[in-house]
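Hi everyone, thanks for coming. Please take a look at the picture with me, and then we'll walk through it together.

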Amino acid sequence: YCIGVVQAAVFAAVGCPTWTVPSGKWKKVALGVGNATKPQVRAWVDRLGVEVDGQDEADAVAIAVAGRLMVASGRWDGGVDRATA
């Protein structure tokens with residue numbers, strides 16, 4: 001319920017809709033592998049050349065990339081063509 005409260009508060013404060021994206025979805029969009037392991041996510045972020053301090057930051061980078069791809073493509077369902085987004 002907490003997530004829903006935060007999403008509602010963000011919408012009420014700034015009028016910006018929010019979506020909950022399951023981990024399998026953002027991993028599929030960013031990495032191309034929906035069931036990527038933590039080491040795979042970290043290795044992918046390392047290949048991007050982004051310096052992170054721990055797995056949480058690596059996940060945050062991947063989530064941000066997935067979000068950018070989803071916004072660029074206009075697809076919130078995760079059906080993003082990574083080559084054109």
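Let's start with a word we'll need: contact means heavy atoms within 4.5 Å. Now, where this comes from: it is a predicted model, in which local features need pLDDT of at least 70, side-chain atom pairs count only at pLDDT 80 or more, and totals for chains, interfaces and linings use all residues. Residues are numbered from 1 along each chain as its sequence is written, and side-chain values use heavy atoms, with hydrogens and water left out.

The protein has 4 helices and 0 strands; helices are DSSP runs of H or I with at least four residues, strands are runs of E with at least two, and both are numbered from the N terminus.

Let's visit helix α3, residues 38-48. Which residues of α3 are buried? They are Val 41, Trp 44 and Val 45, where buried means under 20% relative accessible area and exposed means over 50%, with a 1.4 Å probe and protein chains only. Down the axis of α3, these buried residues fall within an arc of 95°, so they line one face of the helix; the arc is that of the directions from the helix axis to the C-beta atoms. Their cover includes α2 and α4. On the face turned away from the buried side of α3 sit the exposed residues Pro 39 and Arg 47. After α3 comes Gly 49, with a positive phi near 85°.

Finally, how much of the whole protein is buried? Buried residues make up 24% of its 85 residues.
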